[in-house]
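The sequence and the structure are shown first.

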Amino acid sequence: MSEQILVNTTPFETRVAVIEQGTLQEIHIERANQRGKVGNVYLGKVVRVLPGMQSAFVDIGLEKAAFIHIADLRENRIARNNGLPQLQIEKILFEGQPIMVQVIKDAINNKGARLSNQISIAGRILVYMPFDNHIGVSQKIESETDRDRLKEYVSSLIPKDEKGGYIIRTQAEMASEEEIKRDIDYLSLRWRKLQEAIQTQAAPCLIYQDLDLVERVMRDIVTPDTRSVSIDSRSAYQHLVDWAKVYTPEISDKIQHYSGNKPLFDTANIEDEITMALARRVNLKSGGYLMIDQTEALTSIDVNTGGFVGWRNFNDTIFKTNLEASIEIARQLRLRNLGGIIIIDFIDMDNLEHQEAVLSELKKALANDRTRTSLNGFSPLGLVEMTRKRTRDSLTTLLTEPCPTCDSRGYVRTPKTIAYTIMREILREARQFNPKEFRLILSPQVIDLFLDEESNYLAMLDDFIGKPISLEVDNSYTQEMYDIVLL
């Protein structure tokens with residue numbers, strides 16, 4: 001599918017938009033002081049082993065200790081592949097042990113980064129695995145003839161003394177033997193430099209840093225089908241051209257410098273799309289809509305017909321809405337970078353053929369996703385369960401923070417609830433203290449309530465405690481904020 005890539009770069013932030021058929025499909029953001037750690041290799045030090053959880057905490061020089069699970073240890077994978085019982089982590093790691101590890105998942109919320117000691121270094125066409133002599137092929141290359149051909153190519157080009165293995169990426173399908181050879185040489189060089197760094201540095205330290213965002217885009221996203229890569233910074237453009245000539249010469253001529261007066265992202269309404277991608281509601285062209293809610297455990301997506309009434313019968317209306325929703329859901333997962341468990345509540349369909357068609361449409365739309373997904377059928381409750389690999393923060397996590405007004409609940413208590421809470425608190429304090437007066441500092445919404453609808457109850461409270469209650473408004477207070485001052 002033909003793609004257009006827009007790169008907006010500043011000293012503090014780089015943003016990359018991927019557009020397919022005139023529609024924004026992905027937005028990638030990297031900030032200079034918040035650069036992701038996925039792909040980085042560290043020489044770490046084990047600080048604590050947890051046998052009960054079969055995990056260990058590893059200091060890799062970050063603010064928070066990272067963790068590694070037994071499933072991500074190379075030694076355990078080797079044992080499992082040989083049919084041996086699962087190893088115990090306390091038999092492999094011990095406190096104070098230096099260990100070379102790679103970040104496979106960034107720190108998210110309160111969880112530290114997740115690690116593996118199965119190191120891999122990605123190139124454009126191949127992924128090099130220094131501790132695994134296996135040659136694998138991407139599942140997206142479906143033709144057995146192409147898979148066998150590529151395996152033979154790579155096997156014939158690997159030096160005889162090479163102990164590592166490779167995974168052949170999707171981009172290899174259209175690559176020449178010369179390009180594959182160049183990728184092998186590039187990856188060998190990166191591995192040699194990494195080994196040299198280990199010999200000269202002490203744990204904990206960074207020994208290999210993955211490419212920056214724009215370079216990763218050139219390596220992972222840009223293909224011969226990409227129409228153009230437009231970048232709005234002349235210096236970044238020149239750097240990218242120089243980099244591409246060395247590592248991806250076949251696509252270097254697709255890079256263009258954008259020098260228009262209108263901001264690059266405004267030419268394709270990207271800013272508006274980003275704003276809409278932060279909203280719960282996503283409108284469909286037919287009049288239906290999606291409601292997307294992220295929680296720590298999972299993401300739920302609810303499909304609704306909204307204002308779409310169809311033109312035949314109700315079942316056709318539901319079917320058409322669900323088909324349209326399938327395509328938009330796949331797009332929103334990529335755009336918002338949603339990961340983990342995802343539950344989709346399509347509008348109920350009694351027709352099994354309609355269910356299969358909706359699942360097929362969703363599967364087809366997910367095929368364009370570069371991130372690994374797993375899709376299950378309809379559950380007995382009529383829900384579709386799926387997973388999408390989570391490696392980096394979602395767009396919402398990256399660009400927003402919990403609301404200070406509602407304390408991230410998504411709603412605020414009503415003025416009446418606040419008023420009654422205040423009156424109960426005055427009763428409690430009147431029993432404990434003996435002030436001359438209670439002064440209430442309140443938001444305008446609660447003040448209005450006390451002066452009108454709840455004025456009788458406030459007067460009754462005044463008489464009951466035998467102390468005057470005065471009101472003071474503070475326009476800077478949000479609805480739930482108040483102070484009770486004892487004078």
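**Overall description**

The model is predicted. The protein has 487 residues, of which 45% are buried. Its C-alpha trace spans about 95 × 70 × 55 Å along the principal axes. Among contacts with a separation of 6 or more, 66% are between residues 24 or more positions apart.

The protein exposes about 26,100 Å² of surface, and carbon and sulfur atoms supply 49% of that area. As to charge, there are 59 positive and 70 negative side chains, with the centres of the two sets 4 Å apart.

In soluble globular proteins, nonpolar side chains tend to be buried together. In this model, the largest nonpolar core contains 49 residues, and Leu-126, Ile-180 and Met-218 have the most contacts inside it. Helix H3 contributes the largest share of this core, namely seven residues. A second, separate core comprises 25 residues, including Ile-292, Phe-319, Met-349 and Val-384.

Leaving aside residues up to four places away in sequence, Met-218 touches Arg-124, Val-229, Leu-240, Trp-243, Ala-244, Thr-248, Ile-251 and Ile-255.

**Helix H3**

Helix H3 covers residues 177-200, a run of 24 residues. From its first C-alpha to its last it reaches 36 Å, close to the 34 Å expected at 1.5 Å a residue. The buried residues of H3 include Ile-180, Ile-184, Leu-187, Trp-191 and Leu-194. Charged residues are also among the buried residues of H3, including Glu-179, Asp-183 and Arg-190.

| Residue | Helix | Relative accessible area |
|---|---|---|
| Ala-79 | H1 (residues 74-81) | 6% |
| Thr-421 | H10 (residues 415-432) | 15% |

Ala-79 counts as buried because its relative accessibility is 6%, and buried means under 20%. Thr-421 is likewise buried, because its relative accessible area is 15%. When residues up to four places away in sequence are not counted, Ala-79 touches Leu-84, Pro-85 and Leu-87. On that basis, Thr-421 touches Arg-413 and Tyr-482.

Technical notes. Residues numbered from 1 in each chain as written. Predicted model: local features only at pLDDT ≥ 70, side-chain atom pairs only at ≥ 80, totals over all residues. Heavy atoms only, no water. Helix = DSSP H or I, 4+ residues; strand = E, 2+ residues; numbered from the N terminus. Expected span 1.5 Å × (residues − 1). Buried < 20%, exposed > 50% of the residue type's maximum accessible area, 1.4 Å probe, protein only. Contact = heavy atoms within 4.5 Å. Areas by Shrake-Rupley, 256 points an atom, 1.4 Å probe, with all protein chains shown as cover. Charge placed at Lys NZ, Arg CZ, Asp CG, Glu CD. Core = buried A, V, L, I, M, F, W, Y, C linked by side-chain atoms within 4.5 Å.
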